[in-house]
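Me: I would like to go through some backbone and packing details with you, one question at a time.

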Amino acid sequence: MKLDVLQIHPDDNVGVAVRPLRAGTRVACGGTAFDLAQDVRLGAKLALRPLRAGECVVKYGEPIGTLTADVPLGGYVHTHNLESDYLRTWARGELLPAPAPPTAGARRPAYRPPR
Amino acid sequence: MTDLTGYPRSDGRKGIRNVVAVAYLVECAHHVAREITVPFGDRAVHLVGFPGCYPNAYAHRILEAVCTHPNVGAVLLVSLGCESFARGRLAQAIAASGRPVETLVIQERGGTRATVAEGRSWVASVLPALESAERVPMGIDELVVGTICGGSDATSGLTANPAIGLAFDRLAAEGAACIFEETGELIGCEAMLARRSVTRELAAEVVACVEKARRWYDAMGHGSFASGNAEGELTTQEEKSLGAYAKSGSGPLHGLIKPGDVPPRGGLYLLDVVPDGEVKWGFPNIVDNAEIGELIACGSHVILFATGRGSVVGSAISPVVKVCGNPETYARLADDMDVNAGAVLSGTVDLAAVGEQIHRLTLEVAAGAKTRSEDLGHREFILTYKSFEPIGPACLPVR
């Protein structure tokens with residue numbers, strides 16, 4: 001059988017699509033099986049068990065961020081439901097993050113443009 | 001097996017190319033320098049330089065390291081005249097290395113036309129000797145190989161990066177110095193790197209340098225993460241990092257170096273590319289070629305470049321081998337790619353075989369074979385403002 005989704009490390013709670021897959025595809029990976037709910041691209045991360053908001057996503061056997069929403073078995077994991085524990089992710093079209101508040105001792109600019 | 005040969009240099013290193021470097025010392029001299037290189041077409045006359053008018057110790061160190069790189073056989077410096085770059089000191093260092101060097105100051109030579117004509121005739125006078133120079137036997141243990149990933153996507157960490165890691169493990173075991181870099185793309189991997197460090201003191205240095213990278217990118221408000229990474233199904237910095245980390249292979253980490261430091265012997269080295277001190281002058285690496293330039297300044301003869309989205313760049317001075325991790329990208333950009341690591345995903349080849357192909361190709365390129373980016377005329381080079389403190393003694397444990 002052709003491999004569709006790869007579990008890179010036995011501790012991983014997501015698998016990776018090794019080719020573009022269509023909605024309805026029956027996927028068997030990491031000791032579980034599910035029908036894909038949507039079309040996904042090559043490289044997409046798919047939950048190998050139901051995951052809860054606040055849980056770490058594990059890939060390569062290491063945490064890659066924290067979920068901001070529940071994800072069902074086979075659900076698609078990406079920027080809409082996963083956040084970095086280190087640095088914010090920026091994507092084209094998204095607004096740049098608001099500047100961080102000045103730290104203690106930092107001087108504000110002398111001139112601020114009118115709104 | 002490839003029999004390596006190289007061009008011997010006075011510092012004991014050997015080059016795998018014999019390039020005339022034409023270096024502009026300020027952006028105002030860039031056009032004149034480029035015009036000097038134009039008539040030489042695909043002969044080995046490469047343009048490098050630094051755009052800024054204000055002096056910078058890092059930029060001086062990198063440009064000197066590039067101009068005295070083993071792949072460089074002669075250097076033409078092109079100065080406007082009023083910029084701050086210490087051109088005399090640079091010319092002396094190049095001359096002391098035994099390389100032919102000439103400095104043309106545009107304001108003294110009579111402007112654009114006169115300087116271009118003089119520059120072209122100087123290059124034409126040194127090039128034939130470089131092209132006919134004898135190569136001498138060279139060992140793998142004299143080779144320095146750098147690696148970088150750019151235009152990464154979710155395939156990079158599955159195919160291209162781990163395949164380069166396998167090639168790195170083998171090259172390092174054979175005595176080559178192997179350098180990986182971009183500490184901002186090791187955020188989340190510091191514990192694993194610490195475990196692979198040959199001493200506890202080195203491990204502490206590695207953890208501190210990744211923490212420095214995190215602080216720096218935090219201040220910038222932007223990680224080492226581009227829009228295309230997310231379109232390529234990478235979600236977070238640490239996910240991208242874990243894929244990038246795979247380039248380093250699985251062997252012990254022998255040292256932590258900074259731009260311009262040449263590894264003292266074979267083994268695996270991490271290049272810290274994030275500046276020291278307060279955050280200034282912007283992003284640590286504005287683009288992949290800034291890092292490639294730093295790998296070359298550390299003596300890299302060949303660069304192994306892993307890409308998923310499909311970078312097409314090469315570099316001045318040292319050849320760049322492109323390892324494509326994504327089979328869809330390979331299908332679109334095959335002409336730009338040296339290795340189709342994405343074939344692993346279709347199951348037609350295994351990762352070990354791709355690792356062996358990269359190892360073999362590295363030695364073939366070192367022996368003189370042209371890479372795709374060399375053949376296509378890619379010779380990118382970029383150098384910007386930065387500042388670094390020297391590395392501490394714990395960074396290069398004595399073996």
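Me: In which loop of chain B is the place of Glu182(B)?

Reply: This is a predicted model, in which local features need pLDDT of at least 70, side-chain atom pairs count only at pLDDT 80 or more, and totals for chains, interfaces and linings use all residues. Residues are numbered from 1 along each chain as its sequence is written, chains are lettered from A and ligands numbered from 1 in the order in which they are written, and side-chain values use heavy atoms, with hydrogens and water left out. Helices (H or I, at least four residues) and strands (E, at least two) are DSSP runs, numbered from the N terminus. On that basis, Glu182(B) lies in the loop between strand S9 (177-181) and helix H7 (190-196).

Me: Is Glu182(B) buried or exposed?

Reply: Buried means under 20% relative accessible area, exposed over 50% and partly exposed in between, with a 1.4 Å probe and protein chains only. Because its relative accessibility is 1%, Glu182(B) counts as buried.

Me: What is the phi of Tyr60(A)?

Reply: Tyr60(A) sits in the loop between strand S6 (56-59) and strand S7 (62-67) of chain A. Although Tyr60(A) is not a glycine, its phi is positive, at about 60°.

Me: At what angle do helix H6 and helix H13 of chain B pack?

Reply: Axes are lines fitted to C-alpha atoms, for helices over the stretch in contact, and angles run from 0 to 180 degrees between N-to-C directions. For H6 (residues 160-173) and H13 (residues 351-366) of chain B, the axes are 8 Å apart and the angle is about 55°.
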